[in-house]
Amino acid sequence: MKVKIVNQSRFALPEYQTPLSAGLDIRANTQESITIAPLERTLVPTGLFVELPEGYEMQIRPRSGLAAKHGISVLNSPGTIDADYRGEIKVILVNLSNQPFTIEPGERIAQMIVARHEQIEWEPVEELGSTERGAGGFGSTGK
């Protein structure tokens with residue numbers, strides 16, 4: 001599937017890092033380094049604009065390496081980009097560690113996944129069908 005993209009950054013287009021990767025790594029489009037203090041959040045521009053086909057969304061997710069090594073995550077994970085959005089893709093990063101973290105220009109900051117989705121129509125009813133699990137949640141099936 002081809003997706004239209006405008007790249008106003010000075011960096012390469014998002015790309016898959018391995019042949020079987022699901023997510024494309026996206027880069028910070030900044031002129032200077034950005035330091036995120038502990039428990040601080042910041043909106044990082046990417047310089048990317050996309051035109052997704054109808055019935056598709058783009059999800060912005062954390063990079064596991066940044067999360068595990070530095071406590072850096074995407075705050076509204078996953079962030080959703082709808083097919084009718086034409087503005088710049090920006091990523092809300094948060095520093096969940098106790099150390100400042102510096103993002104360099106062009107650093108890979110998040111990953112994007114393109115996924116098909118359906119729109120639903122509600123069917124109001126008085127009760128739902130039963131299942132073995134029922135209303136059990138929040139650890140009800142074990143550790």
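Helices, here meaning DSSP runs of H or I with at least four residues, are numbered from the N terminus, and the views below show close-ups of a predicted model.

**View A. Gly 65 within helix 1 of the predicted model.**
Helix 1 covers residues 64–70, and Gly 65 has its place in this helix. Gly 65 counts as partly exposed because its relative accessibility is 27%, a value between the 20% under which a residue is buried and the 50% over which a residue is exposed.

**View B. Gly 65 and Leu 48, compared along the sequence and through space.**
In sequence, Gly 65 and Leu 48 are 17 residues apart, while in space the separation from C-alpha to C-alpha is 22 Å.

**View C. The largest pocket and the residues that line it.**
The largest pocket holds about 240 Å³ of space, and its lining includes Met 1, Val 3 and Ile 5, together with Leu 13, Pro 14, Tyr 16 and Leu 24. Also part of this lining are Val 50, Met 58, Met 112 and Val 114. By class, the lining of the largest pocket consists of 11 nonpolar residues, with no polar and no charged residues.

**View D. The second largest pocket, with a volume of about 170 Å³.**
Among the 13 residues that line the second largest pocket, those closest to its centre are Ile 60, Asn 76, Thr 80, Ile 81 and Lys 90. At least two residues of this lining come from strand 8 (79–81), and at least two from strand 9 (90–95). The lining of the second largest pocket divides by class into 7 nonpolar, 3 polar and 3 charged residues.

Conventions: Residues numbered from 1 in each chain as written. Predicted model: local features only at pLDDT ≥ 70, side-chain atom pairs only at ≥ 80, totals over all residues. Heavy atoms only, no water. 1 Å grid on protein atoms, 1.4 Å probe; cavity = no way out; pocket = protein on both sides within 12 Å on 5 of 7 lines; lining within 4 Å. Points joined across faces, edges and corners; volume = space filled by probe spheres on them. Nonpolar A, V, L, I, M, F, W, Y, C, P; charged D, E, K, R; others polar. Buried < 20%, exposed > 50% of the residue type's maximum accessible area, 1.4 Å probe, protein only.
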